[in-house]
Amino acid sequence: MKRFAPTWYLQVASSAGDSSEERALVNVQANSQERMKRELSMFMDELCKLRPVVLFLDDLHWSDLSTVDVLSYLAA
């Protein structure tokens, strides 16, 4: 995840080993929703190359617009 989706990595993974300079650089680069969608898509593509991936989406009818946007981007 750190390699293909650094913005997502910084938001969801432990930052114990990351330097503050590295975090600042990625935060500056991560100002676009389109970039975050591309990163997530690249990460999922690489993950699927290793083994099949199953996404379980529970209570999807409660999703906000951003979640629906990301899911539609991934589905395309």
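Modeller: Helices α3 and α4 are oblique to each other, and the model in which they are seen is a predicted one.

Colleague: At what angle do helix α3 and helix α4 pack?

Modeller: Two packed helices are described by the angle between their axes and the distance between the axes. Here the helices concerned are α3, residues 33-50, and α4, residues 65-75, and their axes lie 10 Å apart. The crossing is right-handed, and the angle at which α3 and α4 pack is about 45°.

Colleague: In which helix is confidence lowest?

Modeller: The chain averages a pLDDT of 81, with 76% of the residues scoring at least 70. Confidence is highest in α4, at 91. Where pLDDT is low, the predicted coordinates should not be read in detail. That caution bears on the helix of lowest confidence, which spans residues 20-29 with a mean of 59, namely α2.

Colleague: Is Glu 39 buried or exposed?

Modeller: Glu 39 is found in helix α3, and, leaving aside its neighbours within four places in sequence, Glu 39 is in contact with Phe 4, Ala 5, Pro 6, Thr 7 and Trp 8. Its relative accessible area is 5%, and because buried means under 20%, Glu 39 counts as buried.

Colleague: How far apart in space are Phe 4 and Glu 39, C-alpha to C-alpha?

Modeller: Phe 4 is found in the segment before α1, and, not counting residues up to four places away in sequence, Phe 4 touches Met 42, Phe 43 and Glu 46 as well as Glu 39. Phe 4 and Glu 39 are 35 residues apart in sequence, whereas in space their C-alpha to C-alpha distance is 6.2 Å.

Colleague: What is the phi of Asp 59?

Modeller: Asp 59 is found in the loop between α3 and α4, where, with a relative accessible area of 43%, Asp 59 is partly exposed. Most residues other than glycine have a negative phi. Asp 59 is not a glycine, yet its phi is positive, at about 55°.

How values were computed: Residues numbered from 1 in each chain as written. Predicted model: local features only at pLDDT ≥ 70, side-chain atom pairs only at ≥ 80, totals over all residues. Heavy atoms only, no water. Axes fitted to C-alpha atoms, helices over the stretch in contact; angles between N-to-C directions. Helix = DSSP H or I, 4+ residues; strand = E, 2+ residues; numbered from the N terminus. Parallel < 35°, antiparallel > 145°, perpendicular 65-115°, else oblique. Left-handed = near helix turned anticlockwise from the far one by under 90°. pLDDT = per-residue confidence, 0-100. Buried < 20%, exposed > 50% of the residue type's maximum accessible area, 1.4 Å probe, protein only. Contact = heavy atoms within 4.5 Å.
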